[in-house]
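Grab the structure and work through these exercises with me. Try each task yourself before you read the solution.

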Amino acid sequence: LELQRPEVSWNPTSGMGLEISRTHGCMVKDSSNELVYFFAGRTDPDRTQNNDEEPSDIVETFDTSTMMWSSSTLAMPKTQQYHECVRIGDKVYAIGDWYPGSSPGTASTGRMQILNLSTNVWDSTPPTMPFSKEVGNFGMAAIGENIYIAGGVQNASANDATDRLLRYNTSTGIWTELASMSEERYAFPLV
C-alpha cells in the first residue's frame, strides 16, 4: 500500500495577513459565511525584547471569498493561549490554556470559552475542564457531539505532560476520563 500525497501549491493572499501577529491560537471555519476565525493566541508586543509575550483575546477573520484578513468585533471574554478550537453545530469551543515560562509560574486553569456563531454571542457561564485535570497545549478533535482532549501540560515548565484522554459531551456538559495513552505527550495534533 502506497500513500498518495496530493499536490499542494501555496498562493499569497491579497491582504497583509493578521493585523496583530500571534502564535498558539486556534482556527475554525464557518462555511455559512466563508469566514475562517483565528481566536486569541500569544502576542509579542516587542520582538526585540525577551519575556514580554502575553496571552490575547483578539479575534480576526479571514474571508475566503476576498482572501483578506480583518479584525472582528467578537473579542473573547478572557485571554487564551495554547488552546484548541473545534466547531460543533453553531458553536465554537475554545478549550485549554497554558502559560509557559511565566514568573511566578502560572498553572493552566482549564479555561473554556464558547461562541454561538448564529448569534455571535459568547456563553456568559462556560464550564471549565475537570478539577486537577486542567491542561493546555494538547491534541483535540471532535466526533459528533463529543470533544476529545489528549495529553497536554499544566505547569509553566512543561515537566508534567499527561497521558490522559478526556471526553466532553457538548449536549450533557459532562466530562469523562477515558483510557490513558501509552505515553505522556503534549503539543501534537489529534485527528
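**Exercise 1.** How much space lies in the largest pocket, and which residues line the largest pocket?

*Solution.* Start with the volume: about 220 Å³ of space lies in the largest pocket. This is a predicted model, where local features need pLDDT of at least 70, side-chain atom pairs count only at pLDDT 80 or more, and totals for chains, interfaces and linings use all residues. Residues are numbered from 1 along each chain as its sequence is written, and side-chain values use heavy atoms, with hydrogens and water left out. A pocket here is an open set of points on a 1 Å grid over the protein atoms alone, where a 1.4 Å probe fits, with protein on both sides within 12 Å along at least five of seven lines; lining residues have an atom within 4 Å of a point.

Next, the lining: Arg 42, Asn 51, Glu 53, Glu 54, Pro 55, Gln 81, Tyr 99, Pro 100, Gly 101, Ser 102 and Thr 106. Sort them by class and you get 3 nonpolar, 5 polar and 3 charged residues.

**Exercise 2.** Is Asn 51 buried or exposed?

*Solution.* Find Asn 51 in the loop between E3 and strand E4 (54-63). Its relative accessible area is 72%, so Asn 51 is exposed (over 50%; buried means under 20%, partly exposed in between, with a 1.4 Å probe and protein chains only). Now check the backbone: Asn 51 has a positive phi of about 60°, though it isn't a glycine.

**Exercise 3.** Where does Ala 40 lie, and what is its phi?

*Solution.* Ala 40 sits in strand E3 (residues 35-43); strands are DSSP runs of E, at least two residues, numbered from the N terminus. Its phi is positive, about 55°, and again this is not a glycine. Most residues other than glycine have a negative phi. With 0% relative accessibility, Ala 40 counts as buried.

**Exercise 4.** Which peptide bond is cis, the one from Ser 103 to Pro 104?

*Solution.* Look at omega: it is near 0° from Ser 103 to Pro 104, a cis bond. Then place Pro 104, in the loop between strand E7 (91-95) and strand E8 (112-116).

**Exercise 5.** In what order do the 4 strands of the open sheet come, and which stand at the edges?

*Solution.* The order is E10-E11-E12-E13, with antiparallel pairing (two strands pair if DSSP finds at least two bridges between them). Strand E10 (139-143) and strand E13 (174-177) each have a single partner strand, so one side of each lacks a neighbour in the sheet. Zooming in, 5 bridges join E10 to strand E11 (residues 146-150), and Ala 142 has Ile 147 in E11 as its bridge partner.

Notes
Points joined across faces, edges and corners; volume = space filled by probe spheres on them. Nonpolar A, V, L, I, M, F, W, Y, C, P; charged D, E, K, R; others polar.
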